[in-house]
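Please look over the structure below.

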Amino acid sequence: DRQPTEPSDVLLASDGRRDFSKRAVAQAAALAGSGHVSVVTIAKIHGSQFGIPHPGLLPNKQELDDRQRWVERAIKELRRRGAQADGQVAATRKARKKIAGIARVRGVRTIVIDETPETGLRRMIEGDLGKDLGRKLRKDGIAVEIVPRA
């Protein structure tokens, strides 16, 4: 497999709240063709006190195992569709910043992400990851494809 810092064509990303949709995986495979897709999901660190992470706020083993299964399933499906793929689970408090950093390091041209399903006040408070990434990465020439939920 490739080293994590080698360039990829497409990044399939998730903020870790839910698994990748079949439509997002299919879109990433279609955009990459026989190229490379990097898969990343976030394991959320919920906070810290005085800059020191509290063990109760870190992702537990079950959460990490779930995220790893999501990544492995996506990689398997991408390879079945003819794309090369690798992936990772990243633990962070700031999903947008981490995904943007991974996209820059891997040199992707497109990020594929599922639409944020929350609406109204919850969406306003939590934000819309796809739109936020699109604004943040526009200056870097990285496109963000938001896949609507079925």
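## The second largest pocket

The lining of the second largest pocket holds 5 nonpolar, 1 polar and 5 charged residues. Ala, Val, Leu, Ile, Met, Phe, Trp, Tyr, Cys and Pro count as nonpolar, Asp, Glu, Lys and Arg as charged, and the others, Gly among them, as polar. Among the lining residues are F20, W70, R73 and R81. Helix α2 gives the largest share, 4 residues. The volume is about 180 Å³.

This is a predicted model: local features need pLDDT of at least 70, side-chain atom pairs count only at pLDDT 80 or more, and totals for chains, interfaces and linings use all residues. Residues are numbered from 1 along each chain as its sequence is written, and side-chain values use heavy atoms, with hydrogens and water left out.

## The largest pocket

About 380 Å³ of space lies in the largest pocket. It has 17 lining residues, and D15, R17, K44, R93 and A95 are the closest to its centre. The lining divides into 10 charged, 5 nonpolar and 2 polar residues.

A pocket is an open set of points on a 1 Å grid over the protein atoms alone, where a 1.4 Å probe fits, with protein on both sides within 12 Å along at least five of seven lines; lining residues have an atom within 4 Å of a point. Points are joined across faces, edges and corners, and a volume is the space filled by probe spheres set on them.

## Helix α5

Helix α5 spans residues 129-137. Its buried residues are L129, G130, D132, L133, G134 and L137. Buried means under 20% relative accessible area (1.4 Å probe, protein chains only). Their cover includes α3 (95-106), β6 (110-114) and β7 (143-147).

## R106

R106 sits in helix α3. Why does R106 count as buried? Because its relative accessibility is 4%. Its side chain makes a polar contact with the side chain of Q88 (2.9 Å). Such a contact is a pair of N or O atoms within 3.5 Å, one able to donate a hydrogen and the other to accept it; residues adjacent in sequence count only if both atoms are side-chain atoms.

## The whole chain

The protein chain has 5 helices and 7 strands. These are DSSP runs: helices are H or I, at least four residues, and strands are E, at least two. Of the 150 residues, 41% are buried.

Key. Buried means under 20% relative accessible area, exposed over 50%, partly exposed in between (1.4 Å probe, protein chains only). Contact means heavy atoms within 4.5 Å.
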